[in-house]
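Dear colleague,

Please find below the structure that I am handing over to you. My notes on what was found in it follow directly after.

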Amino acid sequence: MAAASRYGATTEIAEAIARGLNERGLEAEAVPAGDVRAVAGYDALVIGSAVYYGHWLDAAQAVAHDHAADPGRPVWLFSSGPLGQPGHLLPEGDAVDVAGLVETTHAVEHRTFAGRLDRSRLKLREKAIVSALHAPEGDFRDWDAIDAFAAAIAEHLRGARGAG
């Protein structure tokens, strides 16, 4: 599990997914995307990124491009970033680069999870953008949906092991 996070919210999502996989009998660990050097010992990859200005962070994109193009190793992707209550998320839709990353990695699935906004931690430019967008402050992550993603990954991997 590799995740790129600017202020920690995406890292916490990755840690929750890894915990969910471990609780379901699979070995998983969450590591910062920038620390990934090799993936040879892993049966599957989960790569996540915070979305800033409509794009995945560079470290997560690098993991996807450099380590996740092996069609023999299943890959799941997740994005974190929209803010607000369900049905009223800002911004809507996937990050600009997600379709290409899904294609490059042959991802089994991509999911987008709402994020967290703490204005006090933002840089001046980021504050200006979230103010212009009227982005709501708060933690909008849906932990049940995140755990359901971990459950779906675990089910897929157990099915693959049973078939092999």
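Leu 117 touches Leu 83, Leu 122, Val 130, Ala 135, Pro 136, Glu 137 and Gly 138, with residues up to four places away in sequence not counted; contact here means heavy atoms within 4.5 Å. The model is a predicted one, in which local features need pLDDT of at least 70 and side-chain atom pairs count only at pLDDT 80 or more, while totals for chains, interfaces and linings use all residues. Residues are numbered from 1 along each chain as its sequence is written, and side-chain values use heavy atoms, with hydrogens and water left out.

Leu 117 is also one of the residues with the most contacts inside the largest nonpolar core, alongside Leu 45, Ile 47, Trp 56, Val 63, Val 75 and Leu 77. This core has 29 residues. A nonpolar core is a set of buried Ala, Val, Leu, Ile, Met, Phe, Trp, Tyr and Cys residues joined through side-chain atoms within 4.5 Å; buried means under 20% relative accessible area, exposed over 50%, and partly exposed in between, for a 1.4 Å probe and protein chains only. Two or more residues of the core come from each of strand E1 (2–4), strand E3 (45–52), H2, strand E5 (75–80) and helix H3 (98–105). Helices (H or I, at least four residues) and strands (E, at least two) are DSSP runs, numbered from the N terminus. The most is given by E3, with four residues. Another core, of 20 residues, lies apart from it and includes Ala 3, Ile 13, Ala 44 and Val 46.

The next topic is the packing of two helices. The axes of H2 and H3 come within 9 Å and cross at roughly 30°; axes are lines fitted to C-alpha atoms, for helices over the stretch in contact, and angles run from 0 to 180 degrees between N-to-C directions. H2 and H3 are therefore roughly parallel to each other, since angles under 35 degrees count as roughly parallel, over 145 as roughly antiparallel, 65 to 115 as roughly perpendicular and the rest as oblique. On the H2 side the contact is made by Gln 61, Ala 64 and His 65, and on the H3 side by Leu 101, Thr 104 and Thr 105.

Gln 61 lies in helix H2, which spans residues 58–67, and is buried, with a relative accessible area of 19%. Its side chain reaches the backbone oxygen of Trp 56 at 3.0 Å. Leaving aside neighbours within four places in sequence, Gln 61 is in contact with Trp 56, Asp 97 and Leu 101.

Thr 10, in helix H1 (residues 9–23), counts as buried at 2% relative accessibility.

Two loop residues other than glycine have a positive phi. For Tyr 53, in the loop between E3 and strand E4 (55–56), phi is near 55°; at 40% relative accessibility, Tyr 53 counts as partly exposed. For His 106, in the loop between H3 and strand E6 (109–113), phi is about 55°; His 106 is likewise partly exposed, at 48% relative accessibility.

Finally, His 134 is found in the loop between helix H4 (124–132) and strand E8 (138–139), and is exposed, with a relative accessible area of 66%.

With kind regards

Conventions:
A polar contact is a pair of N or O atoms within 3.5 Å; within protein, one must be able to donate a hydrogen and the other to accept it, and residues adjacent in sequence count only if both atoms are side-chain atoms.
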